[in-house]
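Subject: Structure handover

Hello,

Here is the structure I promised. My notes follow below it.

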Amino acid sequence: MKIRTRIIWLLSSTFAFLVLVFSTFVYVLSSNYVFNDFYDRLKTRTTTTIRIELDDHRDDREFVRDFKQEYLEKLPEEKSVIVPLNKHLKPLDSNKRVVADKEFIQKVIQNHFAQERKDNLLKYGILYKTKEGKDYVVYTSAKNMYYTKYKNYLGGLLASMFLVAVVLIFGVSLWLSKRLIKPISDLSSNVHKIGTENLHFRIENKQEGDELGELIETMNNMLDRLETSFETQNNFISNASHELNTPLTSIIGQADLMLSKERSSEDYKAALNNILEQAEKLNKKTKALLFLAQTGFDGKKMTIEKLRIDELIFETMETVNRIIPGNKIKFAFETLPDNVNLLEIMGNSQLLQLALSNVLLNATKYSENQEVRIYLSHTSEYLSIHVKDQGIGIPPKDLSHIYDPFFRASNTNSFEGYGIGLPLTRNIMRQHKGKIIVHSEENSGTLVSLLLPYKS
């Protein structure tokens, strides 16, 4: 069952039930009011009978009799009965009516008054003592024909109102469900438009501030991540196929050339050396690719220990010195905090050295061995390593792709590299719950900041 249908039935049934309960409540209260009103009428006629028949004031009797005849209409089958009692409060009369109403008369004697209903026949009685000390039971009975007419009228009216209310409720429920479901229907139709060919499409959020707006915002964020992931994957496949295909093509071409005819031993040696060189390049790229994939894991199996960040920097600088002798990497000692405890972090020494060495090697290579400066800063949450060079920088159009595997900026064609360093560094920083931030300006240099949390 669709949500819209469920909303319609739920609202309609709920409000119809409430209207039914309310109508029943009105019907019952109205019925009780009709009976209570009729009992009041019987009571008035009973007290009037007492004033006329048993009261000592004869002048009042005439007035009350005239008043009764003129103002009190005759009720259907109205009868007033006076039953004299002996000193033991037993009826003196034994006519058929007294015998028939024996139980009712007894209730009046016991309680001083009583009322009784049998179908539409109602009775109201009072125990009355005269000034002479004589006791009487006076009661009046009549049929409540008003109730039957009133019940039929009220029942028909409430039934008609109930049917009209049900129709109105159904219409309102239909309108409300359409209004409530429309944003979801629009969202569904918009989602159907999204495919791999148009991942740039975003859903317009007209429901800001409510739960549906939050859902649309979440879906748009998910689309941002999916689009980035697809672009990264496409770039990876494109670059990886190119990077891996180049040495493979060279190897195959060289082997085919050597096998096309007999060659001299010198030619075979030269060909084998070329094949070996290309195979080593292919091996390095494959290892880099595998290591990049491994550092994309969550790092739960990574060995974590307490490290001094200054010691980590000096060890990494020694490694870079062996790879690029005579480099001009300088560490700003004045940025070391006075409190040595601020230099301690939790992390994996080998991975962090690899991340920092990638940044230092890039800074040295792309600045053509100009001065590279390392300095520190810290906040309550992070200890940061900053590497600033004076190199070629990164063109603005390439900044959004620097973390794509095998991607290389458009101004790096004259420099050797595989485009693995920054993606690898970012994965290592993610494993340490840290961040890498790159600020660069073409032909003015690059600043790379590695932010490592104190609580990793």
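First, a term: buried means under 20% relative accessible area, exposed means over 50%, and partly exposed lies in between, with a 1.4 Å probe and protein chains only. Helices (H or I, at least four residues) and strands (E, at least two) are DSSP runs, numbered from the N terminus.

This is a predicted model, in which local features need pLDDT of at least 70 and side-chain atom pairs count only at pLDDT 80 or more, while totals for chains, interfaces and linings use all residues. Residues are numbered from 1 along each chain as its sequence is written, and side-chain values use heavy atoms, with hydrogens and water left out.

Overall

The protein chain holds 10 helices and 11 strands. It has 456 residues, and 38% of them count as buried. Contact here means heavy atoms within 4.5 Å. Take the contacts between residues at least 6 apart in sequence: 65% of them join residues at least 24 apart.

Two strands pair if DSSP finds at least two bridges between them. Five strands form an open sheet in the order β6-β8-β9-β11-β10, and the pairing is mixed. The edges are β6 (329-331) and β10 (435-441); each has a single partner strand, so one side of each is left without a neighbour in the sheet. From one strand to the next, the twist averages 20°.

Inside the sheet, β9 (residues 382-388) and β11 (residues 445-453) run antiparallel and are joined by seven bridges. Val387 stands opposite Val448 in β11.

β10 and β11 also pair in the antiparallel sense, again over seven bridges. His439 faces Leu447 of β11 as its opposite residue. These two strands form a hairpin with three residues between them. Asn443, in the turn, has a positive phi of about 70°.

Look at the side chains along β10, which alternate. Ile436, Val438 and Ser440 point to one face and are buried.

Thr446 lies in strand β11. Its relative accessibility is 9%, so Thr446 counts as buried. A polar contact is a pair of N or O atoms within 3.5 Å; within protein, one must be able to donate a hydrogen and the other to accept it, and residues adjacent in sequence count only if both atoms are side-chain atoms. The side chain of Thr446 makes one with the side chain of Ser440, at 2.8 Å. Beyond neighbours within four places in sequence, Thr446 is in contact with Val387, Lys388, Asp389, Gly393, Ile394, Val438, His439 and Ser440.

Gln390 sits in the loop between β9 and α10. With 44% relative accessibility, Gln390 counts as partly exposed. The C-alpha atoms of Gln390 and Thr446 are 6.8 Å apart, although 56 residues separate the two along the chain. Not counting residues up to four places away in sequence, Gln390 touches Ser367, Gln370, Glu371, Ser444 and Gly445.

Axes are lines fitted to C-alpha atoms, for helices over the stretch in contact, and angles run from 0 to 180 degrees between N-to-C directions. Helix α8 (residues 309-323) lies across β6, β8 (372-378), β9 and β11, and runs at about 165° to β6. Helix α9 (residues 349-366) packs on the sheet too, touching β6, β8, β9 and β11. The direction of α9 makes about 25° with that of β9.

α9 against α10

How do α9 and helix α10 (residues 421-431) pack, and at what angle? The angle is about 145°, and their axes are 9 Å apart. On the α9 side, the contact is made by Leu351, Leu352, Leu354, Ala355, Asn358, Val359 and Asn362. On the α10 side, the residues are Gly421, Leu422, Leu424, Thr425, Ile428 and Gln431.

α10 is mostly covered, with nine of its 11 residues buried. Among them are Pro423, Asn427 and Met429. Just after α10, Lys433 takes a positive phi of about 60°.

A second hairpin

Strands β2 (residues 113-118) and β3 (residues 121-129) pair in the antiparallel sense over six bridges. Lys118 stands opposite Leu121 in β3. Two residues lie between the strands of this hairpin, and Asp119 takes a positive phi near 55°.

Best wishes
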